[in-house]
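Biologist: I would like to learn how to read rings and strands in a protein model. Could you take me through one?

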Amino acid sequence: MILSKEIQNFIHANLKTDLHSLLLKKSPFQEVSMQEIVQQIKGRKVAEKKFPFLLREGIIFPPNLNLEQASSQSTAEFKSQNLKGQKFLDLTSGFGIDAYFLSRNFEEITLVEQNLDLLEIVKHNWGILGRKANFVRENLEDFLTQNHEKFDLVYLDPARRDEHKNKKFLLEDLSPNLLEIQEKLLEISDKIIIKLSPLIDISYLISALGNISRIEIIAVKNEVKELLVFIEKDLRNEDVEISCINLESEDSVFNFKFKEEKSAASEFSEPLDFLYIPNNAVLKSGAFNLVSCKFALRKLHPNTHFYTSRKKVENFPGRVLEIRTIDSKEIKKGEKYNIISKNHPLSPDEIKKKYRISDGGNRYLIFTQSERGKVILKSL
């Protein structure tokens, strides 16, 4: 019913209408509620930014929670690079965004999802998009117990909330419990990719989960969105590669071996001519000393993950500013700056209030610490 021409015309005509006011009105269609109509409008609004490839006639959008949990088009496209084979299996299909892109170079696709309504939506949308798959409504654990097929790649995104919607981070608390099913996964595929929360601790992950070949930390516009774990049969976690990616930016990818950080050591310096602020994917990796070594930079302070140099270093994975150290008396009331505060007692809001300055403009004020104490840096 939601796809009838009249209802679709109404949806398109109200894409810019206030949704709260719409919900207070009675649906003009007897067979479809206003809540259902508003959900489709919300879905299209989310798709405009998150997965624009779905902005076409005939697409149906699921409830908000499924929209929020789905990967963005940019992260899914990135993850699909260099993946190909005969048979692809997604054990936690959800809204199917990851599956759509990750499976595009596979001949046979199987999507497992226990939510029938969501699976029917994905099945319908894939028909609109001209993609075929085997759609299986089943609990993941039941599927693994009954399945006897082998796949070239298995992908899964475990649920990270309990029945009370509380966030969970330990592998044994996820649904499914990765520690319990890992051996079964390796029986049906030599290659597994697992999407995890960006909040999970990498050292814990490597110590708890076996057969890891690579971990990708994926950020979009400097916001870390997910952590991707690549598992391969017969590996022993001896030299796990870490890749730090910041999509929709000009940052280079920062790659290193997990063990390298343990043997790296930083040198320290007061602020010089250039300041280097690693992107959040690099910061998530914890490679604080390795950044200093690999780019021949000096750190400001053991707990300040800012770096400095006399000459500008190219291809740094983050922001690079030409700076000078200033006295607080040089900050004039009413000026505009982008304010950064790290390892400093004052927050950006407290700084704005104290110095009577505001956000904006092209210049930066950085409040931080070197080994000698608190410093204020100004971009040139």
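Modeller: We start with the aromatic rings and then turn to the sheet.

Modeller: This is a predicted model, where local features need pLDDT of at least 70, side-chain atom pairs count only at pLDDT 80 or more, and totals for chains, interfaces and linings use all residues. Residues are numbered from 1 along each chain as its sequence is written, and side-chain values use heavy atoms, with hydrogens and water left out.

Biologist: How many aromatic pairs does a search of the whole structure find?

Modeller: First, the rule. Rings of Phe, Tyr and Trp (its six-membered ring) pair if their centres lie within 6.5 Å; planes under 30 degrees apart are stacked, over 60 edge-to-face, and the rest tilted. Here the search finds 14 aromatic pairs. One of them joins Phe 53 and Tyr 100, a stacked pair with 4.9 Å centre to centre and 20 degrees between the planes.

Biologist: Which parts does the pair of Phe 53 and Tyr 100 tie together?

Modeller: Helices (H or I, at least four residues) and strands (E, at least two) are DSSP runs, numbered from the N terminus. Phe 53 lies in the loop between helix H3 (34-50) and helix H4 (64-69), and Tyr 100 lies in helix H6 (residues 97-102), so the pair ties together parts that are 47 residues apart in sequence.

Biologist: Is Phe 53 buried or exposed?

Modeller: Buried means under 20% relative accessible area, exposed over 50%, and partly exposed in between (1.4 Å probe, protein chains only). Phe 53 is buried, at 14%. Tyr 100 is buried, at 14%. Tyr 100 also pairs with Trp 126, edge-to-face, with 5.8 Å centre to centre and 85 degrees between the planes. Trp 126 lies in helix H7 (residues 116-129) and Tyr 100 in helix H6, so this pair ties together parts 26 residues apart in sequence. Trp 126 is buried, as is Tyr 100.

Biologist: Which residues do ring pairs link into a cluster?

Modeller: Phe 53, Tyr 100, Phe 101, Trp 126 and Phe 135.

Biologist: Where does the charged end of Lys 87 sit?

Modeller: A charge sits over a ring if NZ of Lys or CZ of Arg is within 6 Å of the ring centre and within 35 degrees of the ring normal. The charged end of Lys 87 sits over the ring of Phe 151, 5.3 Å from its centre. Arg 131 lies over the face of Tyr 100, 4.7 Å from the ring centre.

Biologist: Now the sheet. In what order do the strands come?

Modeller: Two strands pair if DSSP finds at least two bridges between them. Nine strands form an open sheet, ordered E3-E2-E1-E4-E5-E7-E6-E8-E9, with mixed pairing. Strand E3 (134-136) and strand E9 (254-257) are the edge strands, and each pairs on one side only.

Biologist: How do E4 and E5 run, parallel or antiparallel?

Modeller: Strand E4 (residues 153-156) and strand E5 (residues 191-196) run parallel, joined by three bridges. Leu 156 stands opposite Ile 194 in E5.

Biologist: What about E6 and E7: how many bridges join them?

Modeller: Eight bridges join E6 to E7, and the two run antiparallel. Ile 215 stands opposite Val 229 in E7. Their hairpin has two residues between the strands, and there Lys 221 takes a positive phi near 50 degrees. Seven bridges join E6 to strand E8 (residues 241-247), and those two run parallel. Val 220 stands opposite Leu 247 in E8. Strand E6 (residues 212-220) is mostly covered, with eight of its nine residues buried.
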